[in-house]
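The sequence and structure come first.

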Amino acid sequence: MQAPPIRIGRIRLSQGHLFWREVGKGPTIIFIHGALTDGSQWLPVLEQLGNRVHCLAPDLLGFGESDDPESPQSIQLHADCLADYINALHLEEVYLVGHSIGAWIASRYAIAHPERVSGMILLAPEGVDVPDRRSRWHTELMLTSSIPVVPLGMKLAKPVTKWFTSHHRKVTNLLAYREQLLACPPSCHLLFSRPDSEIAAELINDDLEALKIRILILQGGQDHPIQIRQSKTYVKLAPYAKLRMMKQGGWDLVESWPDTVAREIERFTIAALIAR
């Protein structure tokens, strides 16, 4: 059965205007997108679930069609915005699905409002401290440096590397990645470019033990080792969290595995409704 058409909405919150996509009826699931993207990331999943559940996929402030926030970017800002959004729509209880920074925001909201969250599905979640956490962003910091020595060097070397296929491909991919990063400064700020003391203050290791709601972690087996370590840390710390490793999956689970992601979400929500 074809899913009903996607509806769009926009609402003025205290932090700014928030834009979202919406489809379906029934139990409400809010989808929170990851870094370097916006709520449209979830469209392939919404198309599969729209006949059975009520799906909302907002653009975070500073992303997509939503306004830039009136306050500096932080995970707490987005968690507060999510709280205002849920209250404005008069939603008593929701499921949260988050990818990357979206999972971090969802978790921060759930820690503050556990009675409003029926359960969470988190894909490659950010937001917990693990050994060598900062080293993961070495490439990104190098590519987005205000003194772009390395990117300039790669641009100068690119014509030469065309004679060496593997090097040429690597340089081309890194320069394209740099353009992605520069096009989405909020993601860079939230993940790695603000002071580490500011980022560390928003990590949630110490809060997860008190989070007594059901959580399913979906993690690609081909993702960065530190990202895999973060997912395992979530499961270790949150008492009702379970991990499903998608062995062939990478960092882009939503884009590459939308059918599997949609099935996992549907199974999770059905099991939660039966348990209640």
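## Basis

Contact means heavy atoms within 4.5 Å. The model is predicted: local features need pLDDT of at least 70, side-chain atom pairs count only at pLDDT 80 or more, and totals for chains, interfaces and linings use all residues. Residues are numbered from 1 along each chain as its sequence is written, and side-chain values use heavy atoms, with hydrogens and water left out.

## Overall dimensions

The radius of gyration of the chain, taken over C-alpha atoms, is 19 Å. This agrees with the value near 19 Å for a compact globule of 276 residues; the globule rule is 2.2 Å times the number of residues to the power 0.38. Along the principal axes, the C-alpha atoms fill a box of roughly 60 × 45 × 40 Å.

Of the 276 residues, 51% are buried (under 20% relative accessible area, with exposed over 50% and partly exposed in between; 1.4 Å probe, protein chains only). The chain exposes about 13,100 Å², 55% of it supplied by carbon and sulfur atoms (Shrake-Rupley method, 1.4 Å probe; for residues, only the protein chains shown count as cover). Among contacts with a separation of 6 or more, 73% are between residues 24 or more positions apart.

## Secondary structure

The chain has 12 helices and eight strands, which are DSSP runs numbered from the N terminus (helices H or I, at least four residues; strands E, at least two). Strands β7 (residues 215–220) and β8 (residues 241–246) pair in the parallel sense over six bridges; pairing requires that DSSP finds at least two bridges between two strands. Q219 has M245 in β8 as its bridge partner.

Together with helix α10 (residues 225–237), β7 and β8 make a right-handed β-α-β unit. Right-handed here means that, with the strands pointing away from the viewer, the path from the first strand over the helix to the second runs clockwise.

## Nonpolar cores

A nonpolar core is a set of buried Ala, Val, Leu, Ile, Met, Phe, Trp, Tyr and Cys residues joined through side-chain atoms within 4.5 Å. The largest has 52 residues, and those with the most contacts inside it are I30, L82, Y85, L96, M120, L122 and I215. Helix α3 (residues 101–112) gives the largest share of this core, seven residues. Apart from it lies another core of 23 residues, including I29, L46, I121 and I265.

Beyond its neighbours within four places in sequence, I215 is in contact with M120, L122, A238, Y240, A241, K242 and F268. S107 is in helix α3 and is buried, with a relative accessible area of 0%. Not counting residues up to four places away in sequence, S107 touches M120, L122, I204 and Y234.
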